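Subject: Structure handover

Hi,

Here is the structure I promised to pass on. Please open it alongside this note. My findings follow below it.

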Amino acid sequence: MPEPSASLRAEGVRSRTCKLMSAVALVVDDSMLIRYTVCRFLEERGFQVESATNGVEALQILERVLPDLIFTDMQMPKMSGSELITALKENPRTTNIPIIIVAGRASGFDEKEKRADFAIYKDIDIQSQLEKALNAVTGKKPGPVAGK
């Protein structure tokens, strides 16, 4: 089990209880910068976030955690985003989890990937695209972002 963050260690059991009630997101990307950016974006909006560097790691995480939504890159080592989506859709436990693709424009990503709920490009104003994607899959209307 991963070590709790410093804020969880400092706040103790009360935070752990709250943590269990928050929505969970899984971020899958081999780019450390993109993982950090997406994870931080989600954490600022109250999500508990798990992350993986490829589809194989994501499937291992899914054995212990059932997220409310999944963000995935398409081009990754060991198991691509397309292969991960196939595995998710074939598993009754994960088939209905909303999927947001986060891909580079030059990646050759096929925008016709219909199994995902939303797709964004990581190299075009990722913050505003993440906001649009999150609102689209959660059914929320856009609102002001803290600090902007």
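Contact here means heavy atoms within 4.5 Å. Please keep in mind that this is a predicted model.

On that contact criterion, helix α3 meets helix α6. The α3 side contributes I34, T37, V38, F41 and L42. The α6 side contributes I126, Q127, L130, E131 and L134.

Now the geometry of that pair. α3 covers residues 32-44 and α6 covers residues 126-138. Their axes come within 11 Å and cross at roughly 50°. That angle makes α3 oblique to α6. The crossing of the two helices is right-handed.

Next, the strands. How many of the five residues of strand β4 are buried? Five of the five, so β4 (residues 99-103) is largely enclosed by the rest of the structure. I99, I101 and A103 point one way from β4. I100 and V102 point the other way. All are buried.

β4 has a parallel partner in strand β3 (residues 69-72), joined to β4 by three bridges. I70 stands opposite I99 of β4 in this pairing. Strand β5 (residues 118-121) also pairs with β4 in the parallel sense, over four bridges. There, V102 has I120 of β5 as its bridge partner.

Best wishes

Notes: Residues numbered from 1 in each chain as written. Predicted model: local features only at pLDDT ≥ 70, side-chain atom pairs only at ≥ 80, totals over all residues. Heavy atoms only, no water. Buried < 20%, exposed > 50% of the residue type's maximum accessible area, 1.4 Å probe, protein only. Pairing = 2+ DSSP bridges. Axes fitted to C-alpha atoms, helices over the stretch in contact; angles between N-to-C directions. Parallel < 35°, antiparallel > 145°, perpendicular 65-115°, else oblique. Left-handed = near helix turned anticlockwise from the far one by under 90°.
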